[in-house]
Structures are given as structure tokens and as C-alpha cells.
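Please keep the sequence and the coordinates at hand while reading.

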Amino acid sequence: MNSMTSPSFGDPMAPLRREWTRHTPGQRLSRFAVWLVCVAAIVWAVRSIDIIPEFLADAPEQMADLLIRMWPPNVAHYYPEVHNALIETLHIATLGTLFCFILAVPLALMAARNICPIKPLNVVAQFSLVASRSVNSLVWALLFVAIFGPGAAAGVFAIAFRSVGFVGKLLSEALEETNHGPREALRAAGASWGAEMLKGVWPQVQPAFWGIALFRWDINVRESAVLGLVGAGGIGLVLDDAINFFQWDRVSTVLLAILAVVLVAEIIVTRLRSRLL
Amino acid sequence: MSATHPSPEAARRVAFAPNWPMRLALLAIVAYAIWASSRLGLSWDRLGHGLGEGGRLLARMVPPNFERWGLLLEGMLESLQIAVLASAIGIAISLPLGVLAARNLSPWWISGPVRAVIAVCRSLHYVIVAILFVKAIGFGALAGTAALVVASVGFIAKLFAEAIEEISMKQVEAIRATGAGVMKVLAYAVLPQVASRFIGFCLYQLDSNLRNSTLVGIVGAGGIGGTLFAAFKRFDYDFVAAILLSIIALIFLAEIISGRVRAALR
């Protein structure tokens, strides 16, 4: 990082007169370029984004109006409608997490280079994991609503297919970090491939596996709350209804219910993780 | 796997003792899956029917139709603008909030409420926030930007605060001892210790804002999501395929670029 300018040899006083600068000119130039790119991007976005000035002007007023209409939340709406939808949301999140492993485990095994030595299979698996991750769960939900029709089934599959990429990637990374010794020992003892995986690899990735599963379940609880907006079941459906009917006190009840479930899920996951790991 | 240690004779007899608690847990999970599936109306013939429908859907999506590329490009650019603006504003808000929420720099009566605000920002899904903003301030990119700003604050302000809490207080004390004010302490004692991690968080947030900005349009908050949803509702599945491919390509590109930048920073 540090550099000195004006090095003049032969002069014994030179070390005292050196001028220290933090960055070399090249570094300074590249830092300037990075800042320039950032500023240019922001300026471009501000200048060309399609914002209606009147909307921006009365935004605070409108927000205040919305909040006043939402308060106080009408708790009478909670049972049975919101409650049942909440339970359905939890089922969607949990079932989606369970089903994702049916696809994620084989793909993770295929993607891990030390388990599957066939290069093209690695690439295929990696690509499917990336594709699954790039498509958002709401978009997956749209696709599955077109396939299964509206309802919780579409939600379960949307959550499962979105989770495959995340779980598969983390799981294949955990698999690649495993020690080769136990597998080699099992193979030398004549163990079959299945036994090798179950007794040589599984014990090594087990802690990572449970951690990933819990982490993803937590995310899925959040995500399944919005799937109903495109008709894929759960509490999002109730929220959408309430918004479309402008029943803002009902909306705030639903929002508080979602907030509570998300917080409880986070607490459960944190507790379980600290016990497991 | 199990924590029990069998005696040497028992170990000789069964090399790998069956792990009954684990097997029972697996059985319970399977039982739950079957029960919950039946409650949600998932059945084999519905699955079979869905597979047929899925085949038809895929057949209609191929080949992707890039004919309306103008519309596609417009939506993608708007998504990009939303992502850039939301990241910039979100980072600008998160910097002071992160400092205020750090328990080693600010007193508890400031950090507590600020932490609560950050937690609320993080708990609500950005699509829900986007709906609220669409209802409050109207359709368009402004609502999407506002929603993603909230999401960004929830995420980066928390990480900022955690990073600041991990700094070494010695340098802060040293700068304070010279009689420096709060801003100078922040600039010369705190920031140098956390700057590289901050840049990492910001890059990550830009990346995830880009993903999310392709989606907020579904609820009318601007960007490519609106085009996608409209195409879906009109059953233009070949155009849907084109949009999805473009989104995947954009996210893939962003992931590669941010990976490069992160590697260069290290």
C-alpha cells in the first residue's frame, strides 16, 4: 500500500525527505474509476427512472393515511380464517423444505467433484442448481399455479424447487470439504457405494446438513407467506383479499400474524442450531 | 452417529449399531409429510395430472419468443435502475443506522430502538412491503425502490452494526484521547477497521437487490416483473420463457461480476 515518491540515491538526507503517500498513482486511478462508475450508475438511474413527481410529493401523506387506517388491527378477523391460513403456510414451508431434499441430495452428490468424478455430470448439476436459485420463489409459484392450478400444491412445489438450488449448493460444498480417509477405509473393507456414502460421508456432513435444513426452513417460512399473492395458497391469499377489499384493519392483523410467525421461527431455528452444532 | 459407547464385545458384534432414535425421527418425518400432504390436497393423481400439464406448459414455452425485445429491454433497464437506486439509498441510510445500532459505540437507549427498527425492516418480506408502498404511493418504480430500500436497510444495517461491534476499541480510545469529536472518531478509528467488510456487504446487497427488483413488478412496483406477470396472464408462455431466460442471464452475469470484484478486493 505504502509507497514513496522522489527516491534520490546518493543523498544521505534522502530518507528524511521522503514523501509518503497511501496509494500508488495506479491505485489512486483505479479507486477513482470505481467511484466514477458508482456515481455514474446512480446518476443514470436517477435521471432515467420513471418516477411521477406528484406521487413522490404526497408519498408521506399517503403513507400516514394508510397507517392510520391500519390502526388499530382488528383481531376479530384472526380466528378462524387467518389462523387456518397461517397453519397452511407453515405446512407449505415445512413440506417444501422436506421435498426439496428429494432433488437436492442427488444433485449435490452429482455436483460434488470428489464424489462424482464425471466432469459433464458436475457441470449439469451445477447448472441446474444455479437455474433453480436464479428463479425466484414467486416466479416458481406462477409456473406451478399454471401447472397444478391455484392452491397449496403449487406453493409446496414452488418452495421445493426454489430451495433445491440453495440447499444443493451448500450441501455440495460441504461434501467437497469431507475427508477422503473414511471412504477409502470403507472401500478397502469391501463396502458397497451406498454403505460408503452412509457410513463414510454422511457422518461428516451431518452437522452441516441439519444447519442448512434449518436455515432454509426459516427462509421458507418467510417466503411462503407471500406465495398466496399469485394464488399458491397460504396466508398471502388472505392478505391479498384483505388488500383488495381495502380492509386495512384486517391487513394489519395479517401482517402482525406473519411478523409473529417469522420471529418465532427465527427463535426456534436459533435455539435448535445452538443445540445441534 | 449416536452418542452411546457400546462395550468392546458389543462393538465387535455390531460394527455399526442401528441408530433407533434417528430411525424413529425419520419415520415421524415421513408420517408428517404424508399427513400434511393429505391436508393440503396433494395426491398422486393430482401429481400425475400436473406432470401432463407441466409437459404442455413446457411445450408452449419452447422456443422462447424474443420478438418483443423492446419491452423486455425496457423492463430490464427499469429493474436495474431500481436495484441501483435502492442500493445507494439503502446504504446511505444504513451507515448511520449501523453506527447507532452498534452497542459498543452508542448507549443502550439509542441502540435498542434502532435495533428494533432494523429487525422490523428485516422481518417483512420485500414483496409485502412493496404491496404496501404500491397502495400508499401508487404504481411504478418509486414503490419498488422504496420497498427494496426497506429490505436493504434491514439487511445491511444489521451486518454493519455487527461488524462495528467486532472492532478493536483500542484505536477508538486512542483517537478519542487526542480530543477528536464523534465524526473524527468514526472516520479515523471505526471506518478503517470495517471498510473492507462494508464494501463486501454492499456488493452482496446490490446483487440481491438486482434479483429482487426483477420481482417487485408482480405487485405493480415497476421493473421486468410487471411485464412477466402480464405475459403470464395473457398466456404468452413463449414470451414468459424469453423473460425468464433474460432474468437468469442477468443474475448470472451479476454473480460473475460481483465474484470478480470481491476476488479483486481481497
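Predicted model: local features only at pLDDT ≥ 70, side-chain atom pairs only at ≥ 80, totals over all residues.

**Helix H7 of chain A**

Helix H7 of chain A covers residues 137-148. Its twelve residues should span 16 Å at 1.5 Å a residue, and the end C-alpha atoms lie 15 Å apart, which agrees. The expected figure takes 1.5 Å times one less than the number of residues.

Burial along H7(A) is complete: twelve of its twelve residues are buried, so the helix is largely enclosed by the rest of the structure. A residue counts as buried here if 20 or more other C-beta atoms lie within 10 Å of its own. The buried residues of H7(A) include A:Ser137, A:Trp140, A:Ala141, A:Phe144 and A:Phe148.

The cover over these residues comes from both chains. From chain A it includes helix H8 (152-176) and helix H10 (193-224). From chain B it includes helix H3 (44-61), helix H6 (126-137), helix H10 (224-233) and helix H11 (237-265).

Leaving aside residues up to four places away in sequence, A:Phe144 touches A:Ala154, A:Phe157, A:Ala158 and A:Ala232.

**Chain A as a whole**

Chain A contains twelve helices and two strands. Along the sequence the order is β-α-β-α-α-α-α-α-α-α-α-α-α-α. The domain assignment divides chain A into domain 1 (3-50) and domain 2 (75-276), and the C-alpha centres of these two domains are 46 Å apart.

According to UniProt, in an unreviewed entry, residues 86-269 of chain A carry the feature "domain: ABC transmembrane type-1". This span is 82% helix and 0% strand, and its end C-alpha atoms lie 18 Å apart.

The radius of gyration of chain A is 27 Å, whereas a compact globule of 277 residues would have one near 19 Å.

**Chain B and the two chains side by side**

Chain B has eleven helices and zero strands, in the order α-α-α-α-α-α-α-α-α-α-α from the N terminus on. Its radius of gyration is 26 Å, well over the 18 Å that the globule rule gives for 266 residues, so chain B is more spread out than a compact globule.

The contact column gives the share joining residues at least 24 apart, among contacts between residues at least 6 apart in sequence.

| Chain | C-alpha extent along principal axes | Buried residues | Contacts at least 24 apart |
|---|---|---|---|
| Chain A | about 90 × 75 × 35 Å | 39% of 277 residues | 68% |
| Chain B | roughly 75 × 75 × 40 Å | 39% of 266 residues | 70% |

Conventions:
Residues numbered from 1 in each chain as written. Chains lettered and ligands numbered in written order. UniProt positions renumbered as here; feature names shortened; annotations may be inferred. Helix = DSSP H or I, 4+ residues; strand = E, 2+ residues; numbered from the N terminus. Contact = placed C-beta atoms within 7 Å. Domains from an automatic or database assignment. Rg over C-alpha atoms; globule rule 2.2 N^0.38 Å.
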